[in-house]
Amino acid sequence: MLNKVIDNLKGMVYCNIYDEYWTMLYVSNGCIGLTGYSPEHLINNQTISFQQVIVEEYRAYVRDEIAKAVAHNSWFEIEYPLQHAKGHTIWVSERGYPIFDEFGQVQALEGYIQDISDRKNVEDSLKKAEARYRSIFENAIEGIFQSTLDGQYLVANPALAGIYGYASSEELIHALNNIQHQLYVLPTRREEFVNEIATKGKVQNFQSQIYRKDKSIIWISENARLVYDKDNQPIYYEGTVEDITELKNHAVEIEYQATHDHLTGLPNRYILNDRLQQSINFAHRYQSMLAVVFVDLDQFKIINDSMGHSVGDQLLVAVSQLISSNVREIDTVVRLGGDEFVILIPNVHSKDDIELSLSRLLHNLSKPLTINNFNFSVTCSMGISVYPNDGDDPDTLLKNADSAMFKAKHAGRNNFQFFTPELNDILTDRFNLEYKLRRAIERDEFLLHYQPKYNLTTGQISGAEALIRWQPEGEVLIQPLTFIQIAEETGLIVKIGQWVLETACRKAKQIHDKTGTHLPIAVNVSPKQFRQPNFVEIVQQVLKETGLTPSSLELEITENIMIEDTPKFIETLQQLKQIGVKLSLDDFGTGYSSFSYLKDFPIDQLKIDRGFINALEQDNANMAILKAIIFLGQSLGLCVVAEGVETQFQYDFLKSVGCDEVQGFFFSKPLPEHTFDVLTLQS
Ligand code: C2E
Ligand code: MG
Ligand code: MG
């Protein structure tokens, strides 16, 4: 029965001699499954010795281990691979003991050998897996840790050591034994970490500033969770750490760029609302007033266009510095864009406070600034709204300050104005006007009146000026002074001016066709219109379309067109001149009125502003001035025209000093088209 039991064992029971072959004396049947050899093959080494069945590299190991057991007269237990008869290897575990004779000499070994390949395979893959995870752990870029509940590191990978500035994981674990106080810049972060994990089970992207070994501060982001044992008791935290310092710095940088004006470094409009709201809250809580000041530089566009953008930029920087250095520390200066700034003045107690500080600011701003060896004196217009009187939210306060600024511009610049409720009505009117003006273009509500000019020598009509009128349906006729300015500011003038040009040229051509004489028609050209890059082509095109002789068209321009870009201005004049069009300088005497530049302009006619003619009767000096202007104009080869002649006296005087032409109510008011038609047919 015992033999049966033994032979049915999967492993092999054996007894062998302690010799160099491990010569088998007895082997159970299990050896067939284990080695591929039957007991007959092995016993007495008939086919093969057991020594040869052991995989060669392990033979010495097996012998050593058994020798030790023999030496100690003890059990041995060894694991090694066998070379199966079919060629593959099988891992076995052998457990046996030596048998001694009465002289203490070892006689034999007895024991049991069994197949452990399955277990070995599992162990093997575990080892491989372990090696893989270790490699991830060792080579990860992220820091990986396990830490005790009371804040000591149990495990840290090299990356974590690197992030925290330690040479090795060991150094880190040794040095950091109080995470809360040694690591976090804000010790409360550890409590927050613990609390968040307690409530949510984990932390994700938990960002904190920490001290590195050298006490420098960096930003890290942690992802971590709490690990429990099988009895559901928390045992440690584990997680990962990323160094996000660069990311943070970048974010701060981006945030800064997004909220600050890159030219002046001032906060920009994106911050304004926030600051304004904060200031309102503050003023509300402390029962104080808050002033919102809208600042717009005067004539900045002219400087920018004429001196170049680099000078314009430098000027803006200089002005922004001036503003900043003339306000209190607690005031906020924001650049809205272009030449617009907003100043928030919190904690004011009376309007006088505001007036005082803004007067000082205006004064300091208007001192000359030197940029690229040019002296500039910049002035600005400011509008003020005050919390709580003029609004209690950012939008209203800003809007009202803007309206007040508008009023300051109209009050002649270089001043400040407080918001008043009536202001909104005026502006509403303005917006309405703009709206109606746009519609007027679509509805074709404009018409031209013509005012004749007379030659003082011949007494004959020498031309006429086309003057625009606006006839909205069902309303009274509107004069140009009411709307030209707004049309100019909104750019609508370009379209309107184009219409005037076409209509006037068609009229002139019609007169020529009917009467056979070339009666020149003068058209007023606005600055915006004149400055269109293709203005010359537009004029050419209109002449072509209407078939008008170029010399029958006079273009009236005002001096202030020139301020912005003199070389370009002269170039355009020359091109127009080449086409054959006549050029007049309108309203002479109201702008720069300098004869020194007049000689550089290829113009044909000088129209003296009616202000000079008006003043004639009042003072003898005015006569002398007018006489000089006429004389100088003529000596530059210009035809001099006097505008706004209303009286016999003025007429007589102008005739006596040899003025070339006159225009004015004394001879004729601007005439509706059909009346003008009749006049031209008669003359
Ligand atoms: P302006 O070019 O100097 O035109 C002369 C203005 O003086 C006209 O005013 C005319 O009616 C007025 N006037 C003429 N003689 C007398 C006089 O004896 N006494 C007085 N008190 N006034 C006289 P109006 O038609 O109201 O035009 C005003 C201004 O509007 C024009 O001044 C011109 O600058 C502008 N304007 C008129 N039509 C146009 C146009 O089609 N395009 C552009 N861009 N501006 C225009
Ligand atoms: Mg004119
Ligand atoms: Mg004029």
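Me: Which strand holds Cys 380?
Reply: Cys 380 lies in strand E16, residues 380-387, a strand being a DSSP run (E) of at least two residues, numbered from the N terminus. This is a predicted model, in which local features need pLDDT of at least 70, side-chain atom pairs count only at pLDDT 80 or more, and totals for chains, interfaces and linings use all residues. Residues are numbered from 1 along each chain as its sequence is written, ligands are numbered from 1 in the order in which they are written, and side-chain values use heavy atoms, leaving out hydrogens and water.

Me: Is Cys 380 buried or exposed, and why?
Reply: Cys 380 counts as buried because its relative accessibility is 1%; buried means under 20% relative accessible area, with a 1.4 Å probe and protein chains only.

Me: What does Cys 380 touch beyond four places away in sequence?
Reply: Its contacts (heavy atoms within 4.5 Å) are Val 295, Asp 296, Leu 297, Asp 298, Leu 362, Leu 365, Asn 414 and Asn 415.

Me: How far apart are Cys 380 and Arg 413?
Reply: They are 33 residues apart in sequence and 6.5 Å apart in space, C-alpha to C-alpha.

Me: Changing topic, which residues come nearest to ligand 1?
Reply: Of the 22 residues around ligand 1 (a heavy atom within 4 Å), Glu 465, Asn 524, Asp 586, Glu 646 and Phe 665 come nearest.

Me: Where does a polar side-chain atom of Asn 524 lie?
Reply: That atom lies 2.9 Å from an oxygen atom of ligand 1. For Asp 587, a polar side-chain atom is 3.0 Å from a ligand 1 oxygen, and for Arg 610 a side-chain N or O atom is 3.2 Å from one.

Key. Helices (H or I, at least four residues) and strands (E, at least two) are DSSP runs, numbered from the N terminus. Buried means under 20% relative accessible area, exposed over 50%, partly exposed in between (1.4 Å probe, protein chains only). A polar contact is a pair of N or O atoms within 3.5 Å; within protein, one must be able to donate a hydrogen and the other to accept it, and residues adjacent in sequence count only if both atoms are side-chain atoms.
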